[in-house]
Amino acid sequence: MKEEKDFALVLRELSKLYENGFQALSGINLEVESGDFFALLGPNGAGKSTTIGIICSLIRKTGGVVKIFGRDTDINFSSAKKLIGIVPQEFNFNQFEKPIDILVTQAGYYGISRSVALKRAKKYLTLLGLWDKRGVSSRVLSGGMKRRLMIARALVHNPKLLILDEPTAGVDIELRRSMWEFLQDINEAGTTIILTTHYLEEAENLCRNVAIINHGRIEQHTSVKSLVRQLQVQTFSLDIKDKLPQVPVVGGYQIRKVDDHVIEVDVLRNQTINPLIAGLSDQSIEVVSMSHKTNRLEELFLKIIEKNESK
Amino acid sequence: MNRYEIWIAFMTIVIREVRRFLRIWPQTIIPPVVTMALFFLIFGNVIGSRIGFMQGLPYSQFVAPGLIMLSVITNSYGNVVSSFYGSKFQRNIEELLVSPTPNIIILSGYIVGGMARGLLVGLIVSLVSLFFTDFSVFSPLIALAIILMTSMMFSVAGFLNAIYANSFDDISVIPNFVLTPLVYLGGVFYSTSLLSEFWANVSLINPILYMVNTFRFGFSGVTDIDIFWAFTMVTLFTLVLFLISLKLLRDSPRLRT
C-alpha cells in the first residue's frame, strides 16, 4: 500500500469558507500520484483556482491538510514550497523587468545562487523559445510569450510538482500544441504535473488521471481512460455527396438531418459503423467524409455535472 | 531553507529593490535632491541670512541636519510603500509569497531596500548642502546611528502602509497628510524653544522631533530634547511596527485571501 510520501499531492478534508460566507471548498479529498499528469476539471467557480491557491499558500484554508510529497504545508512549510512550481492563470510578473531578470530573481527567492540561476534561466528560456527575448522588457512580449515566460519562471527552481492554472487559455492552436509537447517532455522527465483547464481536449490528450470538481466537491476522481469508457454514445457527422431528399433510415442507428448534405448519427459503444455505411450505400447515398461532432469528454463532463446537480 | 539559501533570498530582494530605484533614478533620486537644494537656497541662504542664529548656530547650519533627515525619512518611506504596493498591484508579490522565503526575510529585504534609497538620497543631499553651508560633525556615531534607525523605522512604516493600501491614492495619503506635517512641525526649521509652553509640550508627542534633534545633536552638539529618550523611542517604534508588519505579512487578507 502506498504511503502519503509516495504521492505528489494529498488533500485531506480541504475546506475554504470566504469571509463573505461563500463556501468555496467543502472537504475535498484528493491524491495525485508522483509522476502523474493530472487534470482538475470543473466549471467556473467550481473551486479549482481556490484549491490551487491553497496548495501554493496564496489562499488560506479554513480546514484540512495539504501534503506535498508527504510534507505537511502547515508543518514543513519551507521544504513543501520548494517542491512546487506554480503557473497562475493571470500574468503576475513585473512587466518592466527583463525575462532573464525575472527568472534569476525568482530562483533567488528559492535560495539558488546567481551563477546556477543564470544557467537554468538559459536552459528554460531556450526550451520555451524565449532566449532571444531575454533582454527585452517583458511588457513587449506577446500573450503567448508571457505565458511561456511564466512556465519558465515556475521551473527555474526545478520543482517536483508543477501546477498550471489554465495554461493555454487564450493561446493559439499552434502554440498550444507546442506547449503540450513541452509539458509532456518535462512530465516524462519526472515532474508531476497538475493542470486545470477548460479545454477538455487538453485533459484527454495530456492527462492520465482526472478529478472533476463542482460546487467545492470532487464529483469524480478517476483515470481519463475510465472516464472515456463511461461514454455510451458517440456522435458522428457525415458529409453526403448528393442532396438528401429526406432523412435516410438505417436499422439500429439514430440519424438526424442537419442540412441537405450533412447528417448526424448516434453510434452506441457496442456498435460498429460498417452496417451504417453499407445501409447508406444501399440507398445510393455516398459519404464524402466523417468526423466526430462533439468533444466526447466535454459531453461526459456536462453529464456528470448535470447528474450530480439533479441529485 | 538553510542559512546560505536564506542569505541568497535576502540579497535577491535587496538587489532587486536597489536596482528598481536606480533604474528609475530621474523619479527617485533627482527630485528629492533638487527639492532639498531649493530648501537650502531659500531657507538656508536667502531667508536664513536674515534670521541669523538659532540655538547658537547660523540658520543654514541649524536647518541642514533637519533637511537631510527630511529627505531620508520621505525616501525610505516612499521607496518601500511604492515598491511593495506596486508589487501587490501587478501581483508579482505572489512570486515571493509562493516561495519558501520566510516572512521575516521578505520584510527585512524591503526595509534594507528602503534604507538604501533613503541613505543614498541623504548622502547626496548632505553633499549638496556643502555648497550652501559649512558644518562640523560633533558625534559621527550618534548622527550615523540615528539616521540608520530613522531610515529603518520609516521603511517599516512604508511597508505597513503598502499592506493596507488598496489604491495608489492610499499610498499618498499618509506621506501627504501625516508624514509631511509631522516632519515640518518636527523642528526641522525652528527650535521648540521658540514655541509657547503649550505648543512646545504638544511637539513632544511628535516622534520626528526626537529624530531631527538627535541628528542635529550629532552635528552640532545642540538639542532641545533628551538623546537617550530619542533612541529609546525610535527603537520601540521600529520594533512595534516591525512586529505588526510581520504579523500582517502572515495573516493579512490583503495579501492572502
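Start at the hairpin of β1(A) and β2(A). Five residues sit between the two strands, and Gly21(A) takes a positive phi near 95° there. This is a predicted model, by the way.

The strands themselves: β1 of chain A covers residues 7–17, and β2 of chain A covers residues 23–33. They run antiparallel, joined by eight bridges. For one facing pair, look at Lys16(A), which stands opposite Leu25(A) in β2(A).

Now, β1(A) has another partner. That is strand β4 of chain A, residues 63–68. The pairing is antiparallel again, over five bridges. Here Leu11(A) stands opposite Val66(A) in β4(A).

Step back to the whole chain. Chain A comes to ten helices and 14 strands. Its C-alpha atoms fill a box of roughly 75 × 50 × 40 Å along the principal axes. Of the 311 residues in chain A, 40% are buried. Take the contacts in chain A with a separation of 6 or more: 68% of them join residues 24 or more positions apart.

One helix to point out. Helix α6 of chain A, residues 173–188, has 16 residues. From first C-alpha to last, α6 reaches 22 Å, close to the 22 Å expected at 1.5 Å a residue. Just after α6(A) comes Gly190(A), with a positive phi of about 120°.

On to the cores. In soluble globular proteins, nonpolar side chains tend to be buried together. The largest nonpolar core here holds 144 residues. Which members touch the most others? From chain A, they are Leu9(A), Leu103(A), Ala152(A), Ile163(A) and Val210(A); from chain B, Leu67(B) and Met211(B). Helix α5 of chain B, residues 59–90, gives this core its largest share, 15 residues.

Zoom in on Ile163(A). Leave out residues up to four places away in sequence, and Ile163(A) touches Ile52(A), Ile55(A), Cys56(A), Ile84(A), Ile86(A), Val87(A) and Ile194(A).

There is also a second, separate core of six residues. Leu238(A), Ile263(A), Val265(A) and Leu276(A) are among them.

Last, the interface. On the chain A side, 24 residues are in contact with 22 residues of chain B. Which elements of chain A give two or more residues to that side? They are α2, residues 77–82, and α3, residues 99–109. The most comes from α3(A), with four residues. By type, the chain A side divides into nine nonpolar, ten polar and five charged residues.

Conventions. Residues are numbered from 1 along each chain as its sequence is written. Chains are lettered from A and ligands numbered from 1 in the order in which they are written. This is a predicted model: local features need pLDDT of at least 70, side-chain atom pairs count only at pLDDT 80 or more; totals for chains, interfaces and linings use all residues. The expected span of a helix is 1.5 Å times one less than its number of residues. Two residues are in contact if their C-beta atoms, placed from the backbone, lie within 7 Å. Ala, Val, Leu, Ile, Met, Phe, Trp, Tyr, Cys and Pro count as nonpolar, Asp, Glu, Lys and Arg as charged, and the others, Gly among them, as polar. A residue is buried if 20 or more other C-beta atoms lie within 10 Å of its own, exposed if 12 or fewer, and partly exposed in between; C-beta atoms are placed from the backbone. A nonpolar core is a set of buried Ala, Val, Leu, Ile, Met, Phe, Trp, Tyr and Cys residues joined through C-beta atoms within 7 Å. Two strands pair if DSSP finds at least two bridges between them.
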